[in-house]
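Colleague: I am new to this structure and would like to understand the terms used for it. Could you take me through some of them?

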Amino acid sequence: MKRFLITTILTALVAFGLEWLLPWWIIAIVPFVFCAFILPKPGQAFLSGFLAIGLMWAGTAAWRMSEGSPEFVAALSEVITLPPQASWFFLVTVFVGALIGGLSGLSGALLARMRS
Amino acid sequence: MKFFKFFLSAVILTALTVLLNNSLKINNTFVPPLGRLVDPVNGFWANMEPAQPQFQKALKMDGLEGEVHIYWDDRLVPHVFAQSTRDMFFAQGFVTASMRLWQMDFQTRAAAGRLSEVLYPTLGEKVLKFDRLQRRNGMLSSAKASAAEMMKDPLTAMVAQAYSDGINAYIERLSYRNLPLEYKLLNYRPEKWSPLKSALLLKYMAQMLTDNDSDLGIANAYKLFDKEDADLLYTRFPKGTTDPIIPSGTPWNFTVPRDSAAVADSLPAAVPSVAGFYPEMENPFYFEGIGSNNWAVTGAKSRSGKPILCNDPHLALNLPSIWFEIQLCSPEYNVYGASLPGSPCVISGFNNNIAWGVTNGTRDVRDWYEVEWKDASKSEYKWNGAWEKTEFEQDTIHIKGKDPLVQRIPVTRMGRVVYEDSLMTEGFGRDLAMNWTAFIPANELKTFILMNKAANHADYITALDNFGCPAQNFVFACANGDIAIKQQGAHLKYPAGTHWGIMKGGSSESLISEVIPYSQNPHVLNPARGFVSSANQHPTDSTYPYIYDGMFEHYRNRRINYLLTQNSGMDVEFMKTMQNDNYNTIASEYLPLMLSYVTPADWSGHENWLGILKSWNYFNDAGQVAPAIFESWLRHFKAMTYDEWDGVKGEKQLPGTYSTWLLLKDKPFSKVFDIKNTATVEDGKAICRLSLARALADLDSLSKGSDEALQWYKFKNTSVQHILQLKPFSRFGIKAGGNYSIINACSDRWGPSWRMIVSFENGVKAFGIYPGGQSGNPGSAYYANMIEDWAGGRYYELKFFKNADEAAAAETQHQKYFH
């Protein structure tokens, strides 16, 4: 449990930091690396990556939204042909991040297993 | 097995990441790179700006000579204070790019016909067609010639280069995170700026303001109507034309030998010499009644005893707005006004000594010449009785995701052939070459470089001498009390019997290229009546020694001159009311006539609407119902009157509203009114009745029993739309009155794009507003923040600071640029 928490928090922090320097796809690498070294259990690894990136993106989006206007987020939602509500854009954001994060963690764990 | 599991998982991860990192085409629909867009750190979310933006206090940038201080006021107008003029224009480039980069880049790409390079995956064939036409219109080559002209003049070269360097300094700082969101959505990046791009932007404006020549449509009209009717409907000076820009009776200080029949006779040049109609043109910008207002009054007419100048150019209501407010200050300059993102200087504005503003000249400045080919190869054309070799311009259009398209554009001594092959209506036998005053080398930018620091009337005239196309009516007022107006631009000397319609072509004699000397362009200084004004009407009365044509305004000009004649002791408040004046002169003339031609029985079941019209004061105010009833009736009336045009496959040109009124008033029994496909013969009165029935049916289905839906602003539905027509970034249902041909020329998609009032009382006091916001970013609170005040006729006092200390003491955010 402790290992899971540490991995998840580390993943979220490192991914957040690296995102300011590198393109978004770094979130497909960070959970992979941490899980490969620290959390080699596939189920836990998926959940860890899923939560780490999902929550990190949710938090960042919420922070951005608190400074700007929800109407703009609703407009963004409409631009990518979703219903014109801020919550849709927010949910898609979190889902994309979490899914990539989860798959990344899972792949990392599976690599570690293969080598063990 | 373990390897397989890992392999499968890794493949899914990679595939999904790559997929979300790229734009896709699914069922022919463009899908943006979703993963990148939703990333809260770098994607769309990063384009969200705090309600109160915080500017970085100091920015280091290479390419500056000294320090520049920027003070951003409460509407995000930058007040630029530089130690040198070069740095001032550098900073203008930088701040403008920081607010409007995507728009500038997009508009210059559109001008150059280079949209396919970035937008083909999104917009497909229609954007390619647009590019092809832009190239054939010669936009890119004429901008290149214009840029060369700019760079020949050391002053202009310095300004254009400094501005360009400033934009590039901004572009270099951009990471993906800071890119304007349109780049993220469409998945491309900005390219470097150059003086050529500024030249392209000015050509884009020239195109917007002058591609409404009616030549092909007029020529077709003469095929459609018999000569007598066409002469009446498309005459140069319709009967009773009044209120030209230069007051009637103003003597011309020059004489030219002139054919006495030239002006009075409105015979068009050529009727198509081949079967069929001239092809339909691609005129993305044309709309009747579009134009602008400007006027200035002398101290004798103002309360303060000092001149007041007003300007409101009417353009497409777009977001990001076409204008960007700025104050520019250096040891040589202190100027404030509306700039065009992409071009240095202020375009409509004021300094401590003078104010100036623009309206469109509206004269026809493009000519179409018939080209007679020797054979289908088009390699030779008839010229002076022999065959001349055609030059071909090899023009390559790069297309994102596709092989480039190479078009061979035939170039003759008469110009480029714009419409041919697939771009032209089928069944037409001859090509047309186009000549346009925008092709005459001129350095329009220099006009603004000089105007921005002009101090008196002589400076104003010197500045104007550089302006070629698009011809504009430059209104002028000076702190010393002078007012003036001049229609400035390159206009050709047309011999009698040419110009309106298609030019014959085929010989050196037929080619018109001599420009009227600028000193002979219509101009007046301090006229006795105490005011100058323009609203796209005839520049002169018929005594002007040169021939010109155009679809001129007949309504706003009369209303403006009426108000300026009737009133005295005018002040800024009066001018605000006047710029927002909704008096519908069209209705004041048409409606009594139309009502007299119908009977109470025609209104059966709609007596309440008849009552509303009868008690109407002719003001198109936002909440009124009468304007909707009248407008609906007038539209049907025009459509039924000109049923001749129904089904015409080719360029159309309906007669103007004013000529149509003359027809209804003076010749109600004209055969023009007869509806072709009926057995009966209709006259003007019958058309009034029949069109009323159609209008009432329309209004019934629209109102569904409640007049609320017929409130003018709802019926008109003014919208301010994002340049890409992205609905979520546009504003609809704006509560604004007015209409075309009304001083407050706010129709559905067009309107007063920058209202400015400058009074020289106590120094200089100015007010302004435009329907948009300073920021081009839809994620900014300053993207569309002025629209509501604009629609309500409100203004902001423009903060014209004397110096940096005054700017610093005001409520502003300070930013320092240094090297």
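Modeller: What follows goes through several descriptions, each set against its definition.

Modeller: This is a predicted model, in which local features need pLDDT of at least 70 and side-chain atom pairs count only at pLDDT 80 or more, while totals for chains, interfaces and linings use all residues. Residues are numbered from 1 along each chain as its sequence is written, chains are lettered from A and ligands numbered from 1 in the order in which they are written, and side-chain values use heavy atoms, with hydrogens and water left out.

Colleague: Why are α3(A) and α5(A) called roughly antiparallel?

Modeller: The axes of helix α3 (residues 42–67) and helix α5 (residues 86–115) of chain A cross at roughly 150° and come within 6 Å. Angles over 145 degrees count as roughly antiparallel, under 35 as roughly parallel, 65 to 115 as roughly perpendicular and the rest as oblique, and the two helices are therefore roughly antiparallel to each other.

Colleague: How do you know that the length of helix α5 of chain B agrees with its number of residues?

Modeller: The expected span is 1.5 Å times one less than the number of residues. For the 12 residues of α5(B), 125–136, that should be 16 Å, and the end C-alpha atoms are 17 Å apart, which agrees. Just after α5(B), Gly138(B) has a positive phi of about 80°.

Colleague: What makes His636(B) a buried residue?

Modeller: Buried means under 20% relative accessible area, exposed over 50% and partly exposed in between, with a 1.4 Å probe and protein chains only. His636(B), in helix α19 (residues 626–641) of chain B, has a relative accessible area of 17% and is therefore buried. Glu631(B), also placed in helix α19 of chain B, counts as buried at 4% relative accessibility.

Colleague: What makes the pairing of His636(B) with Asp698(B) a polar contact?

Modeller: A polar contact is a pair of N or O atoms within 3.5 Å; within protein, one must be able to donate a hydrogen and the other to accept it, and residues adjacent in sequence count only if both atoms are side-chain atoms. The side chains of His636(B) and Asp698(B) make such a contact at 2.8 Å.

Definitions and conventions. Axes fitted to C-alpha atoms, helices over the stretch in contact; angles between N-to-C directions. Helix = DSSP H or I, 4+ residues; strand = E, 2+ residues; numbered from the N terminus.
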